[in-house]
Amino acid sequence: MDLLLHQSPNQSSSIPATEDTVWADVSPLLDAACADLRDGELIHGDNFNLYAAMSALEIMDPKMDSGMVSNYYSVDEAIENGAAPLPISNNKTVDIQCIIDIIDHLMACEATWHRGHSLAQTVFSCIYLLKPDRTSPHALLHSYCKIIRATCKAVVSVVSDARTHEEEDLFIMTYGLPLNAEGDEKCLSLLNAVEETIYRQLRACKAPSPKQRALEDIEQLQPYIDLEEGYCKALLCRLRFRKHFFHVLTCMRRPQGRGLELARKHIASCLTELDFINKSAECLRSGTFGTCEEDIDDKTTASGCQPVGFDASINARLSAPTPPRAIKLLSWKKAVNYFVKLLHDLDIICSYSLDPSLEGVLRFVVNFQRSQPDLVARAHLQILLAQEGKLYGRDPMFAVITKAAGLPDIVKNHDIQKNEYVVQLGQLVINLLKILCTNAAWQRRKLGKILQDWRVIYVQLELAFRREFGEAANYSNEENLSMKIFQHILVWVEEQTYWIASRFLILGFELELYSPSEYCMVYWYTYVLLVKLAEKSHLRMALSSGSGKRKAKKKKDSAKDLARESRIPPLIMFLQCHICLAEGLTMMLAALRNELNVFQSPGHYNTEHERFIQHFELLQNACLPDQFPYPSYKESTTYARFSTVIMYNNFKDAQKIAKEIKSSFSSDPERLAEIRRLEQVAEHNAVALNVICRLGPADPSLKVSFEFSHHPFFATAVVKRN
């Protein structure tokens, strides 16, 4: 704004003076107005509007703030002013170097876009992309622009279909950009032709004699033979990476996971080419290439030079939602690292065995989320899991639910699947899978909200079950089967609801939503939920094995059956290990608060009861669990003392259980790793508890803190003396 105000009428402007508009210096007028204006007053012209006002002020995050400072009024004006020359240089060596810089800068723009910034302000800040026909005389640049537009279109499509863009709502806005230019569908054939030409140029320059080079009958990329090989290799790895990456995106969109194996091959090729791209950077920065010698850590090109043909504000007037204020792009190094991680995440998805069991699916998604994958990878995972209302696009949700509920395969075609509440349950499962594929913050928020939906569907299914069968005991075989299906599904729904609730609490640790003074109440609530989860899981397993409907037998036979059933399944023991740790931490933290007066709730702005409600209101609204409100928490923790905690040492119990169940999970490396983590937490906390009790809680030199060094959500006590 200041530039325009102080611009003399003779200076060139992006808005030229006409018969109706003349530039004038209004600084004295504004100075006088500022002296008279009071707070809240505004002076403006007749053409004032809210959008222009918001665009003139930097008031928010750069992703959302719409500044309107721009260098050019339009793309055509930018081209006329030489912002995107073609050819870039009459010197072919400089021309090729500039093309490589454009390719590298586009990679930095693309990675920045994937991280949540707008497409218009990142990738399509490249002026060459905005005029598709203009690049046609330059085969290399033309083919690369086509593959970039096609790649952006594929990414926008998968993220839009997955609807994960709600977390980064700028991501899929295309602002009328030429995302689907004529001929872009032939991008691969054009890129292959250019790649073949450059490969022949590379082969020619490596020929041992001028005579053999002449036999290749191909013009050099640029005139200097000592630079030819380096340029050819730098271009080839970049073109091949782009080609294989586009193949990855298209293969992963094939229905029912049919393209995953082929996608893995292209991912391996992408990673190989990225390695070559990294190696080419040293060559591009060397004095041989005549590039910049300065530090390139924050540069967006491998050479460290500023690319030609980019203007982040070029689309400022294209559409209102565009946030055109300049943003900081990822550096070229960070962009390469981003794509390496993205490809590794996509490879994990492609290597997934498409487990038909819902429990396996949920475990895979939760474990996958631990690596904190970005939006594009999570969108592909969601599209794979939920296609056309089916798991992987092939398994009907009723069949998935009955399998998860422990019912035999014979029931997957039963007419009960037409029941409206069973249909709604299937939709809830689909929604759950989609929610689990979102980022941690969005996921936790959505999980808290769907808990009530799961409780409501349980009540509706239970009422439908009672209407259907009443209290009578005599049923036909078909009715017995229907009743069995309802019973199993009801138990499974309860189990799943408690699993969602525990996931909700665990995500709070990942997002660092709990302060140390709140750990006690969080672990107490976790303990209560895990107890209910273990109870429902055990009941489902009992129903599945048929023991749930065991008829009355003789006393002797009944005792034998009870002994057999008293062998707790390893999965329940696995949950029991978590329960022991949650209870142990609850009581340890309560004893520290009661005897050492540490980890007390500050209470400056709200009481402990209010904080309890704030953290667990969504759980309480869903009646999870039914009868464990705040008074129960206070009753459980108010009188906790170290003498009692050491007597009923839950950490020792957790260690014992962990040792017992290791052999049961020898073929499950993920659970075995989790057991080892639990064992480490139990061992360290048991030692810390003994140290506190031996030194005496009243020792003023005793300092206790908690850290998450061995487990993501079970804390480890650290005891020190001043």
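Predicted model: local features only at pLDDT ≥ 70, side-chain atom pairs only at ≥ 80, totals over all residues.
**Figure 1. Helices α11 and α12 are roughly antiparallel to each other.** The axes of α11 and helix α12, which spans residues 332-350, come within 10 Å and cross at roughly 160°. Angles over 145 degrees count as roughly antiparallel, and the pair is therefore described that way. The crossing of α11 and α12 is left-handed. On the α11 side, the residues taking part are L260, A263, R264, I267, C270, L271, L274, I277, N278 and A281. They meet W332, V336, F339, V340, L343, H344, L346, D347, I349 and C350 of α12. Sorted by class, this contact has 16 nonpolar, 2 polar and 2 charged residues.

Figure 2. T301 lies 16 residues from R285 along the chain, and their C-alpha atoms are separated by 9.8 Å.

**Figure 3. Arginine R242 is buried in helix α10.** This view shows another arginine, R242, found in the helix that runs over residues 225-252. R242 has 0% relative accessibility and so counts as buried. Which residues does R242 touch, not counting those up to four places away in sequence? They are E110, Y144, I147, I148 and T151.

**Figure 4. Helices α19 and α22 are roughly parallel to each other.** The axes of helix α19 (residues 519-545) and helix α22 (residues 608-621) come within 11 Å, crossing at roughly 30°. Because angles under 35 degrees count as roughly parallel, α19 and α22 are described in that way. Their crossing is right-handed. From α19, the contact is made by M521, V522, W524, Y525 and L529. From α22, E608, R611, F612, H615, F616, L619 and Q620 take part. By class, the contact of α19 with α22 has 8 nonpolar, 2 polar and 2 charged residues.

**Figure 5. T526 is a buried residue of helix α19.** A closer look at α19 brings us to T526. With a relative accessible area of 7%, T526 is buried. Leaving aside neighbours within four places in sequence, T526 is in contact with L505 and A582. How far apart are T526 and L505, C-alpha to C-alpha? They are 7.0 Å apart in space and 21 residues apart in sequence.

**Figure 6. L461 belongs to the largest nonpolar core.** This core holds 216 residues, and those touching the most other members are V123, W454, L461, W492 and F706. Let us pick L461 and look at what surrounds it. Not counting residues up to four places away in sequence, L461 touches Y421, V422, L425, F486, I489, L490 and V493.

**Figure 7. The protein chain has 26 helices and 5 strands.** To finish, here is the setting for the close-ups. The protein chain has 722 residues, and buried residues make up 51% of them. Among contacts between residues at least 6 apart in sequence, 75% join residues at least 24 apart.

Definitions and conventions. Residues numbered from 1 in each chain as written. Heavy atoms only, no water. Helix = DSSP H or I, 4+ residues; strand = E, 2+ residues; numbered from the N terminus. Buried < 20%, exposed > 50% of the residue type's maximum accessible area, 1.4 Å probe, protein only. Contact = heavy atoms within 4.5 Å. Core = buried A, V, L, I, M, F, W, Y, C linked by side-chain atoms within 4.5 Å. Axes fitted to C-alpha atoms, helices over the stretch in contact; angles between N-to-C directions. Parallel < 35°, antiparallel > 145°, perpendicular 65-115°, else oblique. Left-handed = near helix turned anticlockwise from the far one by under 90°. Nonpolar A, V, L, I, M, F, W, Y, C, P; charged D, E, K, R; others polar.
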